[in-house]
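Please keep the sequence and the structure in view while reading.

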Amino acid sequence: MPPTVSASGLTLRYGGTVALDDVSLRLGEGVTGLLGPNGAGKTTLLRVLATAVPADRGAFTVLGHDPGSPSGRLDVRRRLGYLPQTPGFHQDFSAFAFVDYVAILKELTDRTARHREVRRVLDAVDLSDVRGKRIKKLSGGMRQRVALAAALVGDPGFLVLDEPTVGLDPEQRMRFRELIAQAGEGRTVLLSTHQTEDVAMLCHRVIVMASGRIRFEGTPAELTARAAGRVWSSTERDPGARAGWRTGTGSFRNVGDPPPGAELLEPTLEDGYLLTLDGETAEVAA
């Protein structure tokens, strides 16, 4: 099956800062997680793929459409759902009115059909009971679900989510994971997050970015395997560890290069991610 999204050589500078440095990727159906530290270029990449900003160089296609021309950009936007990191709401709008406004922007001109679609996506995110409530009266988790409903209008083939679970409590995050998993059935979802547990639980692929470049692309299991044999337990923090912390049991969990005879632990995706970023730090230092 051909990729839903294909990008080659995406490069973008902001003044003297290289936000994207020759980024190439291919995305298929399902949920792909995008990990990286602050300033890695994750949000810039999402904004480029969402056609919010153009790249200086490089090209990409979404569902066979090239946004390099005005007509191609419009074709991409018709198939795109985008949830930015800080969604902009008109606080006096109700949940229904806001999603209806987005549906109008997405060219759903028939009022009856459009309202049917608005009710469908609000029901999909479990907000039917509060659809008439003003957004300023909704909780933070409900507002995020309103933004997701707006992104789902028109059944987009490519869904771009920038930090959708930030600021949510554990129960809200669990509910949002369920919604994202459902959204990934039959469409392509690119999920930017700092939550490695979200990636471990949701994603069939993961991309790690640092300094505007892709440093890893593969499965969560492959990222976790990068830390195999490199996580160990000790009674004190090992001074040779790249990272180490006291756990709830009182022992220390160390990540890096273990000493001979160390008590090795099962690695996690977060361990693999930390070591990938550590490799980036070492490369920059070199």
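## Burial and surface

In this predicted model, 46% of the 286 residues of the protein chain count as buried. The chain exposes about 13,900 Å², and carbon and sulfur atoms supply 49% of that area.

The charged side chains comprise 35 positive and 35 negative ones. The centres of these two sets lie 7 Å apart.

## Overall fold

Nine helices and 13 strands make up the secondary structure of the protein chain. The radius of gyration is 21 Å, close to the 19 Å that the globule rule gives for 286 residues, so the chain is as compact as a globular protein of that length. Along the principal axes, the C-alpha atoms fill a box of roughly 70 × 45 × 40 Å.

## Helix α5

Helix α5 covers residues 140-152, which amounts to 13 residues. From its first C-alpha to its last it reaches 19 Å, close to the 18 Å expected at 1.5 Å a residue. After the helix comes G154, whose phi is positive, near 85 degrees.

Is α5 mostly covered or mostly uncovered? The helix is mostly covered, with 10 of its 13 residues buried. Among the buried residues are G141 and Q144, together with the run R145, V146, A147, L148, A149, A150, A151 and L152. The elements that cover them include the strands β5 (80-83) and β6 (158-162), as well as the helices α3 (95-105), α4 (111-124) and α6 (170-183).

## Two residues in contrast

T32 is found in strand β3, which spans residues 30-35. Its relative accessible area is 3%, under the 20% cut-off, and therefore T32 is buried. Leaving out residues up to four places away in sequence, T32 touches L27, V189, L190, L191, C203, H204, R205, V206 and I207.

D92, by contrast, lies in the loop between β5 and α3. With a relative accessible area of 41%, which falls between the 20% and 50% cut-offs, D92 is partly exposed. Which residues does D92 contact, leaving aside its neighbours within four places in sequence? D92 is in contact with R134 and K136. The C-alpha atom of D92 is separated by 39 Å from that of V18, a residue 74 residues apart from D92 along the chain.

How values were computed: Residues are numbered from 1 along each chain as its sequence is written. This is a predicted model: local features need pLDDT of at least 70, side-chain atom pairs count only at pLDDT 80 or more; totals for chains, interfaces and linings use all residues. Side-chain values use heavy atoms; hydrogens and water are left out. Helices (H or I, at least four residues) and strands (E, at least two) are DSSP runs, numbered from the N terminus. The radius of gyration is taken over C-alpha atoms; the globule rule is 2.2 Å times the number of residues to the power 0.38. Buried means under 20% relative accessible area, exposed over 50%, partly exposed in between (1.4 Å probe, protein chains only). Accessible areas come from the Shrake-Rupley method with a 1.4 Å probe; for residues, only the protein chains shown count as cover. Lys and Arg count as positive and Asp and Glu as negative; His and the chain ends are not counted. The place of a charge is taken as NZ of Lys, CZ of Arg, CG of Asp or CD of Glu. The expected span of a helix is 1.5 Å times one less than its number of residues. Contact means heavy atoms within 4.5 Å.
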